[in-house]
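User: I want to learn how to read a model like this one. Please take me through it feature by feature.

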Amino acid sequence: MALSLSVVLMLGIILVVLIRQKAIKAGPALVAILFGFFLASTGMAPSINRFLNSIAQTINHITF
């Protein structure tokens, strides 16, 4: 868990730096994919899933 969290933190920092430099190309995209992969294996994954599900349900209930 501690190792996974540190990898997620490191990849998150790298992703933020690359986004700020507006240099999103093949390499940064790979970093983003790896960030998501390692984030999914942390304890935050269920909370993120619940948050995204609640957003999807809220959007689904909007009527025009």
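**Reading the model**

Analyst: Helices here are DSSP runs (H or I, at least four residues; strands are E, at least two), numbered from the N terminus. The model is predicted, so local features need pLDDT of at least 70 and side-chain atom pairs need 80 or more, while totals for chains, interfaces and linings use all residues. Residues are numbered from 1 along each chain as its sequence is written, and side-chain values use heavy atoms, leaving out hydrogens and water.

User: How many helices and strands does the protein chain have?

Analyst: Three helices and zero strands. From the N terminus, the order is α-α-α.

User: Where is confidence lowest, and where is it highest?

Analyst: Read pLDDT, the predictor's confidence in each residue, from 0 to 100. The protein chain averages 79, and 89% of the residues score at least 70. Helix 1 (residues 2–20) has the lowest mean, 73, and helix 3 the highest, 84.

User: Is Phe 35 buried or partly exposed?

Analyst: Phe 35 is partly exposed because its value is 21%. Leu 15, in helix 1, has 16% and so counts as buried. Over the protein chain, buried residues are 17% of the 64.

User: How far apart are Leu 15 and Phe 35 in space?

Analyst: Compare sequence with space. Leu 15 and Phe 35 are 20 residues apart in sequence, yet 8.0 Å apart from C-alpha to C-alpha. For Phe 35 and Ile 14, the figures are 21 residues and 9.3 Å.

User: Which residues form the aromatic pair?

Analyst: Ring centres of Phe, Tyr and Trp (its six-membered ring) must lie within 6.5 Å; planes under 30 degrees apart are stacked, over 60 edge-to-face, the rest tilted. The structure holds one such pair. Phe 37 and Phe 38 form it, edge-to-face, with centres 5.4 Å apart and 80 degrees between the planes. Phe 37 is exposed, because its relative accessibility is 59%. Phe 38 has 26%, so it is partly exposed.

User: What does the side chain of Thr 42 reach?

Analyst: The backbone oxygen of Leu 39, at 2.8 Å. Thr 42 is in the loop between helix 2 (26–40) and helix 3 (45–60). At 7% relative accessibility, Thr 42 is buried.

User: Which residues make the nonpolar surface patch?

Analyst: Areas come from the Shrake-Rupley method with a 1.4 Å probe; for residues, only the protein chains shown count as cover. Patch residues need over 30% relative accessible area and no salt bridge; like charges join within 9 Å, nonpolar side chains (Val, Leu, Ile, Met, Phe, Trp, Tyr) within 5 Å. A salt bridge puts a side-chain nitrogen of Lys or Arg within 4 Å of a carboxyl oxygen of Asp or Glu. Here Phe 51, Leu 52, Ile 55, Ile 59, Ile 62 and Phe 64 make a patch of about 730 Å². Leu 52 belongs to helix 3 and is partly exposed, at 48%. The protein chain exposes about 5,200 Å², with 73% of it from carbon and sulfur atoms.

Methods
Buried means under 20% relative accessible area, exposed over 50%, partly exposed in between (1.4 Å probe, protein chains only). A polar contact is a pair of N or O atoms within 3.5 Å; within protein, one must be able to donate a hydrogen and the other to accept it, and residues adjacent in sequence count only if both atoms are side-chain atoms.
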